[in-house]
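The sequence and structure come first.

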Amino acid sequence: MNDASQATTTPAVNVPTLLVKIFGKDRPGLTAGLFETLAGFQVDVVDIEQVVTRGRIVLCALVTAPTGRGVEGTLRATVHSWAESVRLQAEIISGIGDNRPRGEGRSHVTVLGHPLTAESTAAIATRITEVGGNIDRIFRLAKYPVTAVEFAVSGVATDALRPVLALEAHQRGVDVAVVSSGLLRRARRLVVMDVDSTVIQDEVIELFAAHAGCEEEVAEVTARAMRGELDFEQSLHARVALLAGLDASVVDKVRQEVRLTAGARTLIRTLKRLGYRVGVVSGGFTQVTDDLKERLGLDFAAANTLEIVDGRLTGRVVGEIVDRAGKARLLRRFAAEAGVPLDQTVAIGDGANDLDMLNAAGLGVAFNAKPVVREAADAAVNVPFLDTVLYLLGITREEVEAADALDGAVEAQRQS
């Protein structure tokens, strides 16, 4: 490699540079037009950033300053003239070198609001600054059913940033998830979810209890168990005992009564398209989770099993008990079977019996969870749409809709 080629590949460090910014009404060809204008001055591109919001463009180009007497002045005049010809405004700022390096400690901060107010956005941004963070970039992930934006933050450790923003988010009525930046975020390959009040809107044992006439009694025990006030296994046996004598035909009735959480199908469908393995673990019953596995195309499913003898429920469960520790154990089992390291897994749940699983996963997400779970999880989502978890993984609503549209077109072509 000769000296000339080395010079062209060396990053701009201490060389003069120009920040060229244009802004105004967007139209096709503006980006090409700006760089065609700059090309006449043989400058190198150091950085580019472009944003279009409601038809207005802001395009920034950081380029090396041209050499030669008076050439920079000619470049400035030419760029301003071109901008005026396309009814844009231009600004050119001299400087030295590239952008300043991002600080150590980098995080993705996802903010969900329904709606997302200026007040809550200001509060989150202020807290980031107060703990020594710098907001390097912001972009929108979704505009419905919630507004979701992502802040790229540097200069503060993720573990130091998360509790500060979690507290502020709770006070402002928005959701904030803080995850470490880097390749690991894009390497998630297994998602394991709780079922009751997560994948589905219901508590399955309460659906069974309604047929047995003991719904209120069971609901109270369930609520205490989810708050961590009762040992899960003991409460499970106590609740199941109340179902003794029910005709086994009630299983089909309960399956029909189960209501999927809004966004559950979209979440699972999108994850599967991306090559994720997806599973569920439940303190409920295989009589329901096996059906969900088939309906939703899940890779894994595990739950407790109601004993049925002579066509009736006995009021007992058989086999391995899926409790708090059991859920974490199953997460590890699923990860091993899928060949996925634990730090590349995501767990989603709402109750105290999900805590071990959330803590074991690389990313633990509390979904409309009890306070004790929200405080312990890596991220919390408190809107009733399960597919908002996709935004925590950096997946945008536009990408989801584009994939849906493509699949729809393929299916229509197949059937034609």
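A cavity here is a set of points, on a 1 Å grid over the protein atoms alone, where a 1.4 Å probe fits but cannot get out; points are joined across faces, edges and corners, and a volume is the space filled by probe spheres set on them. This is a predicted model, in which local features need pLDDT of at least 70, side-chain atom pairs count only at pLDDT 80 or more, and totals for chains, interfaces and linings use all residues. Residues are numbered from 1 along each chain as its sequence is written, and side-chain values use heavy atoms, with hydrogens and water left out.

The largest cavity holds about 130 Å³ of space. Its lining consists of 14 residues (those with an atom within 4 Å of a point). D196, E203, F232, G283 and G284 lie nearest the centre. At least two lining residues come from each of α7 (215-226), α8 (232-241) and β10 (277-285), and β10 gives the most, with four. Helices (H or I, at least four residues) and strands (E, at least two) are DSSP runs numbered from the N terminus. By residue type the lining has four nonpolar, five polar and five charged members. In this division Ala, Val, Leu, Ile, Met, Phe, Trp, Tyr, Cys and Pro are nonpolar, Asp, Glu, Lys and Arg are charged, and the others, Gly among them, are polar.

Strand β9 covers residues 190-193. L190 and V192 point one way from β9, V191 and M193 point the other way, and all are buried, that is, under 20% relative accessible area, where exposed means over 50% and partly exposed lies in between (1.4 Å probe, protein chains only). In a regular strand the side chains alternate between the two faces of the sheet.

β9 and β10 run parallel and are joined by four bridges; strands count as paired if DSSP finds at least two bridges between them. V192 has G279 as its bridge partner in β10. β9 also pairs in the parallel sense with strand β13 (residues 345-349), again over four bridges, and there the bridge partner of M193 is I348.

## Nonpolar cores

The largest nonpolar core has 62 residues, and M193, F208, F285, I348 and V365 have the most contacts inside it. Such a core is a set of buried Ala, Val, Leu, Ile, Met, Phe, Trp, Tyr and Cys residues joined through side-chain atoms within 4.5 Å. Helix α6 (residues 204-212) gives the most to this core, with five residues. A second, separate core has 23 residues, including A302, V340, L358 and A361.

Contact means heavy atoms within 4.5 Å. Leaving aside neighbours within four places in sequence, F208 is in contact with L243, L246, V250, V251, V254, F285, L306 and L313.

In helix α2 (residues 30-39), the buried residues are L30, G33, L34, F35, T37 and L38. Among the elements that cover them are β1 (16-25), β2 (45-53), β3 (56-64), α3 (71-85) and β4 (88-96).

Helix α11 (residues 286-296) has T286, Q287, V288, T289, D291, L292 and L296 as its buried residues. They pack against α6, α9 (250-257), α10 (264-273), β10 and β11. K293, also in α11, is partly exposed, with a relative accessible area of 32%. Not counting residues up to four places away in sequence, K293 touches L298, D299, F300 and A301. Just after α11, G297 takes a positive phi of about 70°.

## Backbone details

Two cis peptide bonds are described here. The bond from H114 to P115 is cis, with omega near 10°, and P115 is in the loop between β5 (106-113) and α4 (118-130). The bond from Y144 to P145 is cis, with omega near 0°; P145 is in the loop between β6 (134-142) and β7 (147-154).

R87 is not a glycine but has a positive phi of about 60°. R87 lies in the loop between α3 and β4 and is exposed, with a relative accessible area of 63%. D310, also a residue other than glycine, has a positive phi near 55°. D310 is in the loop between β11 (300-309) and β12 (312-318) and is exposed, with a relative accessible area of 79%.

Definitions and conventions: On a 1 Å grid over the protein atoms alone, a cavity is a set of points where a 1.4 Å probe fits but cannot get out, and a pocket is an open set with protein on both sides within 12 Å along at least five of seven lines; lining residues have an atom within 4 Å of a point.
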